[in-house]
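Here is a short report on one protein chain. Read it with the structure open beside you.

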Amino acid sequence: MDLLKNEIMIFLFFMAVCGSCKASVYEVGDNAGWTIIGNVDYNTWASSKTFQIGDTLMFEYDRRFHNVLQVSRSDFHSCNAAAPISTYATGNDSIVIRNPGHYYYICGFVGHCQAGQKVDIRVPRSHRPAIVPISSPVQVPQGTEGPEPSPAGPVAPSPSTSGGETIMLKNVIFSCNVGLLLVLVWGFNYGVL
Ligand SMILES: [Cu+2]
């Protein structure tokens, strides 16, 4: 009987772990998207969410009028677009959260950040193990950006990026399933499940 109880406890434990494996996809600004129209309050939007490692931020916007720059905390507060950590400019950018901390994003177009097109994403530390494989986001070399579009044209999204995210999600789901399977097999070996 005690063995059965243990098995059930372990099973419930894995179920709980599995529940937290679900990664969420957040569209920044919800239906409004990433814009200066409508005075979207992105900080209110962000504070209504609980972000976790493995979640995806989606920025959707018209790339003729906006972009997404990840910047430092001080550049976020001063709306300085001159030294971004990362630049995204496809109009449909998915960014996977890989570490806890603050992620500061602004629009690099003149006046947009000052108009409120900026968001501070806070990701608390999680008990969940980070099983997200490392792959860097689409990065635009600093030389190619500026107030005007570069002659080379807009930066195309790396085809490997979206594929990588899909694989990542599959890995997460796969890991959960393997965990469950191990418990089931273990249970069968003891003849209690
Ligand atoms: Cu903008």
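Strand S3 (residues 68-71) pairs with strand S6 (residues 101-106) in the antiparallel sense, over three bridges. Two strands count as paired if DSSP finds at least two bridges between them. Strands themselves are DSSP runs of type E with at least two residues, helices are runs of H or I with at least four, and both are numbered from the N terminus. This is a predicted model: local features need pLDDT of at least 70, side-chain atom pairs count only at pLDDT 80 or more, and totals for chains, interfaces and linings use all residues. Residues are numbered from 1 along each chain as its sequence is written.

Look at Leu69 in the S3 and S6 pair. Leu69 stands opposite Ile106 in S6. Leu69 also has a bridge partner in S4, namely Thr87. S3 and S4 pair in the antiparallel sense, over three bridges. On to S6 and strand S7 (residues 118-123): six bridges join them, and they run antiparallel. There, Gly101 has Val123 of S7 as its bridge partner.

What is the order of the strands in the open sheet? The order is S4-S3-S6-S7, four strands with antiparallel pairing. S4 and S7 are the edge strands, and each pairs on one side only. From one strand to the next, the twist averages 25 degrees. Angles here run from 0 to 180 degrees between N-to-C directions, with axes that are lines fitted to C-alpha atoms, for helices over the stretch in contact.

**Pairings of strand S2**

| Strands | Sense | Bridges |
|---|---|---|
| S1 (residues 25-27) and S2 | parallel | three bridges |
| S2 and S5 (residues 92-96) | antiparallel | five bridges |

Val25 has Thr56 of S2 as its bridge partner. The chain gets from S1 to S2 through helix H2 (residues 42-47), and this β-α-β crossover is right-handed. Right-handed has a set meaning: with the strands pointing away from the viewer, the path from the first strand over the helix to the second runs clockwise. On the S5 side, Phe59 stands opposite Asp93.

Which side chains of S2 (residues 56-60) are buried? Leu57 and Phe59 are buried and point to one face. A residue is buried if 20 or more other C-beta atoms lie within 10 Å of its own, exposed if 12 or fewer, and partly exposed in between, with C-beta atoms placed from the backbone. In a regular strand the side chains alternate between the two faces of the sheet.

**Loops**

Now for some loop residues. Most residues other than glycine have a negative phi. Asp30 has a positive phi, near 50 degrees. Asp30 sits in the loop between S1 and H2. Asp30 counts as exposed because 10 other C-beta atoms lie within 10 Å.

Cys79 has a positive phi too, near 55 degrees. Its place is the loop between helix H3 (73-78) and strand S4 (86-88). Is Cys79 buried or partly exposed? Cys79 counts as partly exposed because it has 18 C-beta neighbours inside 10 Å.

Pro100 lies in the loop between S5 and S6. Pro100 is partly exposed because 15 other C-beta atoms lie within 10 Å. Pro100 is in contact with Ile53, Val123, Pro124, Arg125 and Ser126, leaving aside neighbours within four places in sequence. Contact means that the C-beta atoms of two residues, placed from the backbone, lie within 7 Å. The C-alpha atoms of Pro100 and Ile121 are separated by 9.9 Å, and these residues are 21 residues apart along the chain.

**The whole chain**

The protein chain has four helices and seven strands. Along the sequence the pattern is α-β-α-β-β-α-β-β-β-β-α. Of its 193 residues, 20% count as buried. Among contacts between residues at least 6 apart in sequence, 77% join residues at least 24 apart.

How confident is the predictor, and where is pLDDT under 50? The pLDDT is the predictor's confidence in each residue, from 0 to 100. The chain averages a pLDDT of 74, and 54% of the residues score at least 70. Over residues 10-18 the pLDDT stays under 50, and the model has nine contacts there beyond four places in sequence. Residues 143-188 also have a pLDDT below 50, and this stretch has 46 contacts in the model beyond near neighbours in sequence.
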